[in-house]
Amino acid sequence: MKTGMFKKVYSECHINCGIAECNMVGIAATRKIPFVNPFAMFVTGQAFGQIRNSIGYSQLNVKIGATHTGIFVGEDGAIHQCNENFALIWTIPGMVVINLADGMETKAEVNSYE
């Protein structure tokens with residue numbers, strides 16, 4: 001997901017959690033304004049409880065920039081397809097869901113938090 005480019009510039013702010021979405025969300029809940037960059041299926045499917053309890057109900061300012069939403073995820077296959085991610089996150093009071101179309105929209109949205 002190209003987080004290596006971020007790491008080159010902001011190495012002191014980069015934490016690689018690997019394939020551990022629950023841990024990733026838990027760590028994010030302890031930072032100032034973290035950006036979490038997981039696959040949608042695994043962050044909503046595996047770490048929904050952490051998102052709900054540690055971020056949503058605590059009203060923390062955590063940005064979850066999930067990729068691979070929907071059914072068109074290319075070579076990654078069916079286990080990466082996620083149709084329920086928006087429905088799950090919308091059930092958490094105070095959570096905002098933004099569906100960005102491309103890199104330009106993503107850059108504009110991320111830059112709005114600087």
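Leaving aside neighbours within four places in sequence, which residues is histidine 14 in contact with? Select histidine 14 to find out. This is a predicted model.

**Stop 1: histidine 14 and helix 1**

Histidine 14 lies in the loop between helix 1 and helix 2. Beyond its sequence neighbours within four places, its contacts are Thr3, Phe6 and Lys7. Histidine 14 counts as buried because its relative accessible area is 19%, and the cut-off for buried is under 20%.

Now select phenylalanine 6, one of those contacts. Phenylalanine 6 sits in helix 1, which spans residues 3-9. Its relative accessible area is 39%, so phenylalanine 6 is partly exposed. With Phe6 they form a nonpolar patch on the surface. Together the three have about 290 Å² of accessible area.

**Stop 2: helix 2**

Go on to helix 2, residues 21-28. Which of its residues are buried? Colour Glu21, Met24, Val25 and Ala28: these are the buried residues of helix 2. They lie on the same side of helix 2, because they cover an arc of only 95° around the axis. Show what covers them: strand 1 (35-36), helix 3 and helix 4 are included.

Zoom in on alanine 28. Not counting residues up to four places away in sequence, alanine 28 touches Pro34, Val36 and Val62.

**Stop 3: the largest nonpolar core**

Select Cys17, Met24, Val25, Ala28, Val36, Val43, Ala47, Ile51, Ile55, Val62, Ile89 and Ile92. These twelve residues make up the largest nonpolar core. Helix 2 gives the most, with three residues.

**Stop 4: alanine 47**

Stay with one member of the core, Ala47. Alanine 47 is in the loop between helix 3 (40-46) and helix 4 (48-56). Is alanine 47 buried or exposed? Its relative accessible area is 0%, so alanine 47 is buried. Leaving aside neighbours within four places in sequence, alanine 47 is in contact with Glu21, Cys22, Val25 and Phe42. Among these, Glu21 and Val25 are buried residues of helix 2.

Draw a distance from alanine 47 to phenylalanine 86. The two are 39 residues apart in sequence. In space, they are 14 Å apart, C-alpha to C-alpha.

**Stop 5: helix 4**

Follow the chain into helix 4. Select Ile51, Ile55 and Gly56, which are buried here. Their arc around the axis is only 75°, so they are on the same side of helix 4. Ile51 and Ile55 also belong to the largest nonpolar core. What do the buried residues of helix 4 pack against? Their partners are helix 2, helix 3, strand 2 and helix 5.

**Stop 6**

Most residues other than glycine have a negative phi.

Select glutamine 59, in the loop between helix 4 and strand 2 (63-64). Glutamine 59 is not a glycine, yet its phi is positive, about 55°. Glutamine 59 counts as exposed because its relative accessibility is 71%.

Then select histidine 68, in the loop between strand 2 and helix 5 (85-90). Its phi is near 60°, again a positive value in a residue other than glycine. With a relative accessible area of 24%, histidine 68 is partly exposed.

Definitions and conventions
Residues numbered from 1 in each chain as written. Predicted model: local features only at pLDDT ≥ 70, side-chain atom pairs only at ≥ 80, totals over all residues. Heavy atoms only, no water. Patch = residues over 30% accessible without salt bridge, like charges linked within 9 Å, V, L, I, M, F, W, Y side chains within 5 Å. Areas by Shrake-Rupley, 256 points an atom, 1.4 Å probe, with all protein chains shown as cover. Salt bridge = Lys/Arg side-chain N within 4 Å of Asp/Glu carboxyl O. Helix = DSSP H or I, 4+ residues; strand = E, 2+ residues; numbered from the N terminus. Buried < 20%, exposed > 50% of the residue type's maximum accessible area, 1.4 Å probe, protein only. Contact = heavy atoms within 4.5 Å. Core = buried A, V, L, I, M, F, W, Y, C linked by side-chain atoms within 4.5 Å. Arc of directions from axis to C-beta.
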